[in-house]
Amino acid sequence: MSWVFLRDLLSGVNKYSTGIGRIWVAILFMFRLLVYVAAAESIWKHEHDEFECNIKQPGCENVCFDHFFPVSHIRLWALQLIIVSTPSLLVVFHVAYRENREKHHNQKLYKNPGKIDGGLLYTYLISLILKTGLEIVFLVLFYKLYNGFKIPRLVKCDIKPCPNTVDCYISKPTEKMIFLYFLVATSCLCIVLNLSELSYLIFKYSIKCYLKRHMKKQQ
Amino acid sequence: MDWGTLQAVLGGVNKHSTSIGKIWLTVLFIFRIMILVVAAERVWGDEQQDFVCNTLQPGCRNVCYDHFFPISHIRLWALQLIFVSTPALLVAMHVAYTRHEKKRRFRNGEKIDIEELKNEKIHIRGPLWWTYTSSIFFRIVFEAVFMYVFYYMYDGYQMPRLVKCEAWPCPNTVDCFVSRPTEKTTFTIFMLAVSGICMMLNLAELCYLVLKICMKESRKTT
């Protein structure tokens, strides 16, 4: 039970997505999930052990690490991946609800329960808005927690029990920064894809609505 | 044998659940089990190694760690998830027993369509309603019990940065520093919030089932 579960869940979502939605799922898998599991996890694996302070005072390193990394980058990244994937489940639930209704009434109520029209369109649009909103929330959280997306080589710490101001050195700062920028870039790409899918759907269904009204008027 | 086994078992129960039950199951898998395996286990991974005490006395660190963390949060959460998922097995067993009875009647010569039996959606009424409702009740009780155990064992839901320890063989009162206290507090509050949401979902499902049966009874009498 791990990322495989998320992968299976999102493969199910893929069936009811538009073309842009499928590209979003592919980017999420290849450039975010796979990079996280295959590369990023091992960079942050020993972050606590390799965080060194220029002092022998017991407890000083612990306290300084906790002060500069309240929630580790890698945990925020994992939370972001999980929470950003979840709104897609609204669509799966809605389609399941439609299929259930058809079974309950024992007749075909919808031309195709998986087609994005009517109520399902609104669910899909809401899921897109939620996904975009959550991506932005996490990017802002990263920015606010770590004062930008830079990871310094050296931090100065003077919290008790450190006796004075102490130099502490972060492990692999450049590598972490590169992957952090990669995370930001892929998040922004996903935001752009979500916004374009939103505009495409709104545009498509507005045109459909307009044409229907135009045909009715002509009749 | 791991969390995947639980997923296989509960996936079977999902078919016979109400909609709220299905949402509860999704929340359980994604926001509790997945977060536990993927994130929380890493945060608590080095908890004893990086528990540092301001003393060179051998054994003092071990004793202090054991005193302040009798059962690790991670282990308590794993137990909580297992206990909370288990009542659903009552429903699975009841459904299996009903199916077994129908098959037995079919073998004894009664005319039952075997295909219909396989694909039949078993409705939550009669004895199954009682089994289902008791399973939800037990889920709520287990959630509440574990939330209280966490609160009682760790004096609240916050992880302190510094604990003062004077258990033997520590010579005097010794300062001990917990690793990653802020991150641990964040995850504790997150798991607490999701437990709360699950409890709300279970309560809503219980109310829905009780209301449904009351309305049915009132329709029968009128």
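In this predicted model, B:Cys165 finds its bridge partner across the sheet in B:Val174, a residue of β3(B). One step away, B:Lys164 is set opposite B:Asp175, again in β3(B). These pairs belong to the antiparallel pairing of β2(B) with strand β3 of chain B (residues 174-177), which runs over four bridges. Helix α3 of chain B, residues 60-68, packs on this sheet and touches β1, β2 and β3 of the chain. The direction of the helix makes about 110 degrees with that of β2(B).

Chain B builds an open sheet from three strands, ordered β1-β3-β2, with antiparallel pairing. Because β1 (52-53) and β2 (162-165) of chain B each have a single partner strand, they stand at the edges, and one side of each is left without a neighbour in the sheet.

An unreviewed UniProt entry places the feature "domain: Connexin N-terminal" at residues 42-75 of chain B. In the model, that stretch is 41% helix and 6% strand, and its end C-alpha atoms are 13 Å apart. The annotation "transmembrane region", likewise from an unreviewed UniProt entry, covers residues 23-40, 77-97, 128-154 and 187-211 of chain B. Two of these spans can be described further. Residues 77-97 of chain B are 95% helix and 0% strand, with end C-alpha atoms 31 Å apart.

Turning to chain A, helix α4 (residues 73-85) holds 13 residues. From its first C-alpha to its last, α4(A) reaches 18 Å, close to the 18 Å expected at 1.5 Å a residue. The helix is mostly covered, with 13 of its 13 residues buried.

The two chains meet in a contact that takes 32 residues from chain B and 32 residues from chain A. About 2900 Å² is buried between them, and carbon and sulfur atoms give 65% of this area. On the chain B side, B:Met34, B:Arg161 and B:Arg180 lose the most area to chain A, together accounting for 21% of what that side buries.

Technical notes:
Residues are numbered from 1 along each chain as its sequence is written. Chains are lettered from A and ligands numbered from 1 in the order in which they are written. This is a predicted model: local features need pLDDT of at least 70, side-chain atom pairs count only at pLDDT 80 or more; totals for chains, interfaces and linings use all residues. Side-chain values use heavy atoms; hydrogens and water are left out. Two strands pair if DSSP finds at least two bridges between them. Helices (H or I, at least four residues) and strands (E, at least two) are DSSP runs, numbered from the N terminus. Contact means heavy atoms within 4.5 Å. Axes are lines fitted to C-alpha atoms, for helices over the stretch in contact, and angles run from 0 to 180 degrees between N-to-C directions. UniProt positions are given in the numbering used here, feature names are shortened, and annotations may be inferred rather than shown by experiment. The expected span of a helix is 1.5 Å times one less than its number of residues. Buried means under 20% relative accessible area, exposed over 50%, partly exposed in between (1.4 Å probe, protein chains only). Buried area is the accessible area (1.4 Å probe) that two parts lose on being put together, summed over both.
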